[in-house]
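Work through the exercises below with the model open. Each task is followed by a solution in steps.

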Amino acid sequence: MRKLKKSNIIRNFSDMIRLKTISHTDPSQTDREEFLRFRALVRERYPALFEKGEGWGIDDFGILIRIPGKSSDRPSVLMAHYDVVDADASQWSFEPFGGEYRDGKILGRGTLDTKSTLCAILEAAEALCEDGFVPQQDLYLSFGGEEEVCGETCSKIVHFLKERGVRPAFVLDEGGAVIPEGVPGVKKQAAMIGIAEKGVANYAVSLELASGGHASVPPKHTAVGRLARAAVAIEEHPFPARISSAVACMFRYLAPEVPLPMRTAFLHPERLGAAISAGGTVLGGSFNAMVRSTAAVTVMSSQSSLNVLPTSAALGVNVRLLEGDTVESARKYLEKVIHDPQIRVDLITGSDPSPVSEIDCPEWENLTSVVRRVWPDTVVAPYQLNGGTDARFYAEISNHVYRFSPMIMSKEDRATVHGIDEAIDADVLMKTVYFYLKLIMTL
């Protein structure tokens, strides 16, 4: 196989970062030309891939490439998305879309989420195609352009595959990463692979009154005041804590790695309901999100005039649904804790939690084996994603959908995803390419 040229990979990746493929909830704000330029760049820089394979543009934003294998009965899919969230350049120490290479790092929005994995997949596939490699099974590369706004691109790609009778035996998307600081109770570096993800639902919590009036003669509670009480009720009455099957699986996998006094708790997490509930409430953050559905009041709107009593007010509430909850059960729970019959709770958009992917199967064993070969002496464990990914769409056609970003990401790195000064070390990017090379050769 030809030797991977680091400078070429950095050049290709930097050019990807320079394209402002920013997705917006309001489609009219999205610059479609940048997405078309990205598609064109992929075709230009990876000619062997398109010579050996077959490519499609799905809708305005989707890219799907098939590399024919020796068989097509158990195909695999490697996923990423190339849309990014916006960046306020005034807050960054470098140009967010400059794609600058400095001090061993590539700088810019999307370097971690997830143009890095997309670039690494393409570089690995291109090198293998140039070398004449033919996978054992058909391999599909599936890239979406609306992931950040929960768009339908990936759903359309899945529909495209379903119509052709494609049922993947293995799907890998973004998700967990290699955590150098490990996880609580485990001193080793940990590679966390998502086997499920929480559902996402957005609700409008609103109140309409028959009349308003002048602010000089206010009622006991204005519409805004009543909505504020609703917001406080939501925050003071969190969803009940419990251990999902994916989280229980994570604890059991990690049990051999924790000190003996903690091992029983890790082996039998379901026995610790009260402690887990208390711990989630006190610790908050990631642990709290791991053990319950969460609700965050994110938007509040009402009358714009300071001296007018509002006739209406509304809240926007984002809920992340734990396995066992649904968009409808969560809506009813919000109504219950708000306890005001005049306040409406309406679903805006939402999807239920994903199914839990199988791990007692060759696909899981193969994935974890490749992870251990690339990062020796690393604990590998399944876990539940608190966020949402495009991978949820593939659950319709596959039982083996996994979520793992194959790169070392420190706590500081993870804080820059959707944050300020996002960047990736070039050596980390190269190792990500190496991971996909090894993985593709086993599929």
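Predicted model: local features only at pLDDT ≥ 70, side-chain atom pairs only at ≥ 80, totals over all residues.

**Exercise 1.** Find the residues that line the largest cavity, and sort them by class.

Solution. Begin with the count: the structure holds two cavities of 30 Å³ or more. The largest cavity has about 50 Å³ of space. Its lining consists of Ile67, Ala125, Leu128, Cys129, Phe133, Pro135, Leu139 and Ile440. Sorted by class, these are eight nonpolar residues, with no polar and no charged ones. Helix H4 (residues 115-130) gives the most to this lining, with three residues.

**Exercise 2.** Sort the lining of the second largest cavity by class.

Solution. This cavity holds about 40 Å³ of space. Its lining is made up of Ala196, Glu197, Lys198, Ala246, Glu323, Pro353, Ser354, Val356 and Gln384. The classes come to four nonpolar, two polar and three charged residues.

**Exercise 3.** Which residues of H15 are buried, and what does Asp425 reach at the start of H15?

Solution. The buried residues are Ala426, Leu429, Met430, Thr432, Val433, Phe435, Tyr436, Leu437, Leu439 and Ile440. One of them, Ile440, also lines the largest cavity. At the start of the helix, a side-chain oxygen of Asp425 comes to within 2.8 Å of the backbone nitrogen of Asp427.

Conventions:
Residues numbered from 1 in each chain as written. Heavy atoms only, no water. 1 Å grid on protein atoms, 1.4 Å probe; cavity = no way out; pocket = protein on both sides within 12 Å on 5 of 7 lines; lining within 4 Å. Points joined across faces, edges and corners; volume = space filled by probe spheres on them. Helix = DSSP H or I, 4+ residues; strand = E, 2+ residues; numbered from the N terminus. Nonpolar A, V, L, I, M, F, W, Y, C, P; charged D, E, K, R; others polar. Buried < 20%, exposed > 50% of the residue type's maximum accessible area, 1.4 Å probe, protein only. Polar contact = N/O pair within 3.5 Å; in protein donor to acceptor, adjacent residues only side chain to side chain.
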